[in-house]
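Hi,

Here is the structure I said I would pass on.

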Amino acid sequence: MTELEDVRPEPQGLPGAPGSGRARPSMILIVEDQPELTRALRINLRARRYDVLTARTGREALEAAAAEPPDAVILDLGLPDIDGTEVIVELRRWYQAPIIVLSGRTSPGDKIGALDVGADDYVTKPFAMAELLARLRAALRRDEGGPGSGQPRQALIGRWLVNLAAHQVTGADDEDGPRVTLRLTPTEWRILEILVGRPGQLVGSAEILTGVWGPGFGQRTNYLRFHMARLRGKLEDNPARPRHLLTEPGMGYRYQP
Ligand code: CA
């Protein structure tokens with residue numbers, strides 16, 4: 001049994017996959033627990049010159065995305081471990097590129113739920129491959145061109161949503177638009193941009209110092225300690241026990257989504 005209406009590769013007459021103008025093909029992560037559907041998706045995406053990563057469970061998906069952030073995610077909701085909606089929530093803590101849900105759940109509640117937590121589009125099974133590919137192209141086009149494309153432009157830190165593009169920090173729980181905002185200094189923004197741009201990675205103190213203050217400041221770790229303490233005081237729920245802006249003693253700092 002397949003949940004696909006049409007598994008034949010889509011005709012090649014249309015313009016190539018978005019990204020054909022980029023230096024590399026777009027990388028798509030398929031998160032799906034049905035092997036035959038994963039296979040059909042992989043064949044069709046490769047035929048359209050996309051690079052493809054696959055994951056069978058939610059946890060595999062989160063690990064794969066963190067290891068090599070894809071240009072878009074095609075995500076089933078009914079997964080063997082964690083629910084796909086949960087995967088969207090976790091991804092959206094740091095991941096900005098398109099997420100397209102591909103699910104057998106057809107109720108408006110499921111669709112609204114997935115879109116509300118950050119999915120870009122929702123395709124119901126059974127589906128036509130040509131339609132899914134068209135939605136994927138549209139999502140990638142919308143995502144192209146923005147400053148810092150492919151890099152996280154928003155991050156959740158404690159109860160704050162940090163928007164790097166707008167230089168704005170708002171309460172993450174403000175459903176009806178931002179009511180509470182927080183001011184950061186230009187130095188604090190530059191530090192955050194470096195750390196949040198590489199989620200989960202250790203960034204050396206010298207690299208941050210020279211990136212923010214310039215060459216010759218690589219040893220001024222006291223500058224960085226001071227400003228990191230200020231950032232934690234503003235953003236972390238408990239600045240004494242930071243969960244997102246972490247110190248790696250003797251080495252540097254890490255933004256943990
Ligand atoms: Ca499934």
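Helix α7 (residues 205-213) and helix α8 (residues 221-235) have axes that come within 10 Å and cross at roughly 85 degrees. Axes here are lines fitted to C-alpha atoms, for helices over the stretch in contact, with angles from 0 to 180 degrees between N-to-C directions. Angles of 65 to 115 degrees count as roughly perpendicular, so α7 and α8 are roughly perpendicular to each other. Ser205, Ile208, Leu209 and Trp213 of α7 meet Thr221, Tyr223 and Leu224 of α8; contact means C-beta atoms, placed from the backbone, within 7 Å.

Before I go on, two notes on the model. It is predicted, so local features need pLDDT of at least 70 and side-chain atom pairs count only at pLDDT 80 or more, while totals for chains, interfaces and linings use all residues. Residues are numbered from 1 along each chain as its sequence is written.

Which residues of α7 are buried? They are Ser205, Ile208, Leu209 and Val212, where buried means that 20 or more other C-beta atoms, placed from the backbone, lie within 10 Å of the residue's own. These residues cover an arc of only 100 degrees around the axis, which puts them on the same side of α7; the arc is that of the directions from the helix axis to the C-beta atoms. Their cover includes α6 (186-196), β12 (202-204), α8 and β14 (252-255). Just after α7, glycine 214 takes a positive phi of about 110 degrees.

Now the sheet. It is open, has 5 strands in the order β3-β2-β4-β5-β6, and its pairing is parallel. Strands pair if DSSP finds at least two bridges between them. β3 (51-55) and β6 (121-124) stand at the edges with a single partner strand each, so one side of each has no neighbour in the sheet. On average, neighbouring strands are turned by 20 degrees against each other, direction ignored. Strand β2 (residues 27-31) is joined to β3 by 5 bridges, and valine 31 has alanine 55 in β3 as its bridge partner.

Two helices pack on this sheet. Helix α1 (residues 35-47) touches β2, β3 and β4 (72-75), its direction making about 165 degrees with that of β3. Helix α5 (residues 129-143) touches β4, β5 (99-103) and β6, at about 175 degrees to the direction of β6.

Overall, the protein has 8 helices and 14 strands, taken as DSSP runs (helices H or I, at least four residues; strands E, at least two) and numbered from the N terminus. Of its 257 residues, 32% count as buried.

Cheers

Conventions
Buried ≥ 20, exposed ≤ 12 C-beta atoms within 10 Å, placed from the backbone. Parallel < 35°, antiparallel > 145°, perpendicular 65-115°, else oblique.
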